[in-house]
There are 2 protein chains.
Amino acid sequence: MDEFGLIERYFKPLSTGFSGSLNLSDDAAIISPPPGHELVITKDAISQGVHYLGHESPALIARKLLRTNLSDLAAMGATPLCYFLAVMLPKNTTPEWLESFAQGLQQDQKEFGIHLAGGDTIATLGTPSFSLTALGTVPAGKSLRRGGAQIGDIIYVSDTLGDSALGLMMLQKNIPSPALEQRYYLPEPRLALGQQLLGIAHAAMDISDGLLQDLGHICAQSQVGATLYRDRLPLSEATQALVHQDAALWNAVLSGGDDYELLFTAAPNAPIETLARSLNLRLTAIGEITVENAVRVLDENKNIISVPRKGFAHF
Amino acid sequence: MDEFGLIERYFKPLSTGFSGSLNLSDDAAIISPPPGHELVITKDAISQGVHYLGHESPALIARKLLRTNLSDLAAMGATPLCYFLAVMLPKNTTPEWLESFAQGLQQDQKEFGIHLAGGDTIATLGTPSFSLTALGTVPAGKSLRRGGAQIGDIIYVSDTLGDSALGLMMLQKNIPSPALEQRYYLPEPRLALGQQLLGIAHAAMDISDGLLQDLGHICAQSQVGATLYRDRLPLSEATQALVHQDAALWNAVLSGGDDYELLFTAAPNAPIETLARSLNLRLTAIGEITVENAVRVLDENKNIISVPRKGFAHF
């Protein structure tokens, strides 16, 4: 099948319903934000053997790729609009593979209200790689940013931490752990939370490189420090059990990648509990923004814990 | 060097001067088209050994990647605004390689007035691949499109055809041919022409997959046919000499890829000659839009030429 056949069969159906895609039949797409809004644009890439294992179903690979980009939109408080996709595949890729990949995109497009607007499909002599550019909209001037944290802010995180890193570890060790695996394969972009935090959070980002490293980014951009209390970090039952067995696994909670939960700061009187109830989503106060130029983690006895590994380094 | 070091050293300098990039320090960029304008967005990917040979200077690879995307913006009549870049590299990539790659981008950013707004840098276990998403702006509702060709329109093409395909052929045969090589390595996005064609051309696109295949796209989208006159096709001196030696090389002119010239149609009374003079750019009438549902090529005696190969198929 040539490139045009691929586009016709697998990708055009994904662009239906979004007029700006021009039905994938022109040189480019045409996009306008709604009046009073601006566009939020993010781009992530993944490559086999580095960002996913390779034996996953293509649908899962596609859904995780879309979701990690949606998580960046969530971190800015944006509402998903459309996305552009570059698919780089070896020549021996089967129609079944493509069918599953496209089906995964279709499924998550419906779930998150986003459409394909354009892209490119190319052959590669190497391993499969993918790049996705996601566009969202946000009321002009209102997007969440990393740089607004204020001294005295409470630091919050959504849902639980460390599950994805531990899920990957269990997969690599061949130990069945469905709940943790699910969190590794299929992150949940916190779009509703991000949108509700507009006007409430002072700073926000999604945790992709590990809690400590990403909180470090918020602190650096905001020129503040932070203190975290390890015993307040929200853990799932599965992660709690693992950490109880082996305290070294706290590193997965503090520095593991791929959480895709929102990390945000807000004033002490911000209505975060109300928000958690209305979204039916766990939002946990895990520390506070300080004047010191450092991120500190305290144990139950308020002693500083030293954490060896600082997030995930790609090179 | 970790990902953040790479961004800091090589990519942040490319985002300077474009405030929407947020200094590459947030989860996403924030973009608004100017009042009365909409955004034109295109995405192309390239992979070593498929889209470039591998021994080129990294600066040339970067510039061609940027220019092929700019050519898509030119085809819509857009003015370049910013771009997002995904760089997928083996772990053993050297700082010298990255330095040259970034220097190539810097050079062409200046030439074409565009800035880096965001992206991703990842490791791959395979060959290097790159994906670029380019954004341009166009007055709302005015962009050039493929679907507007009208029966009786004259078909035009900018500059000369076939040079890039023949340049690649000469490179592969190790025959020095600087003029043709240059056209292969460094296409010229026809941005000024595209912008000037707004309100004049009925249909337009850039030739990336070969004249005949791409004219086929205009005809399909416009539901018309076309007749081309082979002896009117504009050839450079180098290409003319090669075609004179071996008539089979006409295929490179008719179906070779990577021309990145603009192909457009306009009414017979459109001021194309004036435009050519003001831009100091060769614009040649090569045929006309017809009612038949086919693209025909006629030789000097008005006999139909059959053309074996239909453009470049990626898979």
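Modeller: Buried means under 20% relative accessible area, exposed means over 50%, and partly exposed is in between (1.4 Å probe, protein chains only). This is a predicted model, so to speak of local features we need pLDDT of at least 70, side-chain atom pairs count only at pLDDT 80 or more, and totals for chains, interfaces and linings use all residues. Residues are numbered from 1 along each chain as its sequence is written, chains are lettered from A and ligands numbered from 1 in the order in which they are written, and side-chain values use heavy atoms, with hydrogens and water left out.

Colleague: Glu99(B): buried or partly exposed?

Modeller: Its relative accessible area is 41%. The buried class stops under 20% and the exposed class starts over 50%, so Glu99(B) is partly exposed.

Colleague: Which residue does Glu99(B) form a salt bridge with?

Modeller: A salt bridge here is a side-chain nitrogen of Lys or Arg within 4 Å of a carboxyl oxygen of Asp or Glu, and Glu99(B) has one with closest N and O atoms 3.7 Å apart. The pair links distant parts of the chain, 90 residues apart, from helix 3 to helix 1 of chain B. Helices (H or I, at least four residues) and strands (E, at least two) are DSSP runs, numbered from the N terminus. The partner is Arg9(B).

Colleague: And which residue does Lys12(A) bridge to?

Modeller: The closest N and O atoms of this salt bridge are 3.1 Å apart. Lys12(A) counts as buried because its relative accessibility is 15%. Its partner, partly exposed at 49%, is Glu8(A).

Colleague: Now the interface. How much area is buried between chain A and chain B?

Modeller: Buried area is the accessible area (1.4 Å probe) that two parts lose on being put together, summed over both. The contact (heavy atoms within 4.5 Å) takes 67 residues from chain A and 67 residues from chain B. Carbon and sulfur atoms give 59% of the buried area, which comes to about 5300 Å².

Colleague: How many salt bridges are there between chain A and chain B?

Modeller: One of them joins the side chains of Asp26(A) and Arg146(B) at 3.9 Å, N to O. Over all chains the count is 32 salt bridges; between chain A and chain B it is six.

Colleague: Which strand of chain B pairs with strand 2 of chain A?

Modeller: Two strands pair if DSSP finds at least two bridges between them, and here there are three, in the antiparallel sense. Within that pairing, Leu39(A) stands opposite Ile31(B). The chain B partner is strand 1.

Colleague: How many residues of helix 4 of chain A are buried?

Modeller: Helix 4 spans residues 163-172 and is mostly covered. Its buried residues include Leu166(A), Met169(A) and Leu171(A), and the buried set packs against helix 5, helix 8 and helix 9 of chain A. Out of 10 residues, the buried count is eight.

Colleague: Last one: which side chain does the side chain of Asp159(B) make a polar contact with?

Modeller: Asp159(B) is in the loop between strand 6 and helix 4 of chain B. A polar contact is a pair of N or O atoms within 3.5 Å; within protein, one must be able to donate a hydrogen and the other to accept it, and residues adjacent in sequence count only if both atoms are side-chain atoms. At 2.9 Å, the partner is Arg183(B).
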